[in-house]
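Here is a short briefing on one protein chain.

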Amino acid sequence: MIYLHIPFCKQKCSYCNFHFSTSFRGKDDMLQALKKELRLRKDELENKTLKSLYFGGGTPSVLTGDEIKGLLDEILKYYSFADDIEITLEANPDDLDAAFVKELASTPVNRLSVGTQSFFDEDLKLMNRAHNASEADASIKRAQDFGFENISIDLIYGSPTSSLVMWKENLNRAVALEVPHISSYALTVEPKTALENWVRTQKITAPAEEEQNEEFYYMCDFLKNNGFEHYEISNFAKPGFHSRHNAAYWQYEPYLGIGPSAHSYDGGSRRSWNIANNALYVKNLEAARLPAESEILKEKDRFNELLMIGLRTVWGVDMKKLNDSFSAEILHRFNLDVASKISEGILRVKDNRLVIPEEHWFMADGIASDLFII
């Protein structure tokens, strides 16, 4: 599978620390650099039939339909698409006007991930989103009218501007729109963001963990009662609508990341990442140099990653794979820690898979980190 990072946004969201630029001046050069990186790295994936292709960012929906087609045509020079390929484009509601959605419907893109975040203007203003509440609703309906059925929406809970009553209404609206996939995240205060500055200078109060916990578990019950499977801490899907791309990450499949700041993984021990600087990324590729660094993961790092990722999902961690893949020393320490958490009910083994019961999922990252080999 391939991930394409489109490093442009109209404006900076208050909570976001991803890599992007709000200047579009170098967009044409960036698109040429993306194509050149695809060409230079065409032999890195052994499987030449793609099952998943993901346009992320940044905001890929700032591209035109022709620009998206140009990137897809470049990819098709080196790979073929599986008959049931999932091609996802992340999009902001304000970009999904009728003209753009019509253009998009003529491309092979068949899944939209819409950055809705909230259906309330007070939340959207705090987040410094480029759209308003009415656009959030209208953009999804418009995409459905043009034939997009496989739509995921992002929602953020636990904002200081929100409440449990408002969160319930957000979920009601999402279900009423009949989208088959919802990704939902607690608002977190990331370093070097406007939100972090506002909390530090006491312009706003920090998100309250107790309220986020309550909203998380309300969401779990509400969405399950409305036909969604809770298959990863932050992800809910109707039957047949799991995100194939994300599921492949969680199953440790190889992937190729194209674009500034994009990461790649060979399915074994090697991970690489591109420089997070648009100008240097383009300059390197103009000189036919790959702007990337790489590392060989140590055994303990592979072990820790397997736990961190697997314990976030309904599938958990395959105990046979764990026992076959790691040394006796690591497994001895691990088994001692696991036995204690199983006795506390924080972990359980089901069908030879180690899982966190859903009632403890809100604390899953902390539970996994307790098992890490340092």
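Trp273 has Glu293 as its bridge partner in β12. β11 and β12 (residues 292-296) run antiparallel and are joined by five bridges. Strands here are DSSP runs of E with at least two residues, helices are runs of H or I with at least four residues, and both are numbered from the N terminus. Two strands pair if DSSP finds at least two bridges between them.

The model is predicted: local features need pLDDT of at least 70, side-chain atom pairs count only at pLDDT 80 or more, and totals for chains, interfaces and linings use all residues. Residues are numbered from 1 along each chain as its sequence is written, and side-chain values use heavy atoms, with hydrogens and water left out.

**The β10-β11 hairpin**
- β11 (residues 270-274) also runs antiparallel to β10 (residues 263-265), with three bridges between them.
- Tyr265 stands opposite Arg271 of β11.
- Four residues separate β10 from β11 in this hairpin.
- Gly267, in the turn, has a positive phi of about 90°.

**The three-stranded sheet**
- Strands β13, β15 and β14 form an open sheet in the order β13-β15-β14, with antiparallel pairing.
- β13 (317-318) and β14 (348-350) each have a single partner strand, so one side of each lacks a neighbour in the sheet.
- Three bridges link β14 to β15 (residues 353-355) in the antiparallel sense.
- Arg348 stands opposite Val355 in β15.

**Ser243**
- Ser243 lies in the loop between β8 (235-237) and α9 (244-250).
- Ser243 is buried, at a relative accessible area of 0%.
- Buried means under 20% relative accessible area, exposed over 50%, and partly exposed in between (1.4 Å probe, protein chains only).
- Beyond its neighbours within four places in sequence, Ser243 is in contact with Glu86, Arg111, His181 and Tyr231.
- Contact means heavy atoms within 4.5 Å.

**The whole chain**
- The protein chain holds 14 helices and 15 strands.
- Its radius of gyration is 21 Å, close to the 21 Å given by the globule rule for 374 residues, so the chain is as compact as a globular protein of that length.
- That radius is taken over C-alpha atoms, and the rule is 2.2 Å times the number of residues to the power 0.38.
- The C-alpha trace spans about 55 × 50 × 45 Å along its principal axes.
- Of the 374 residues, 51% count as buried.
- Among contacts with a separation of 6 or more, 70% join residues 24 or more positions apart.
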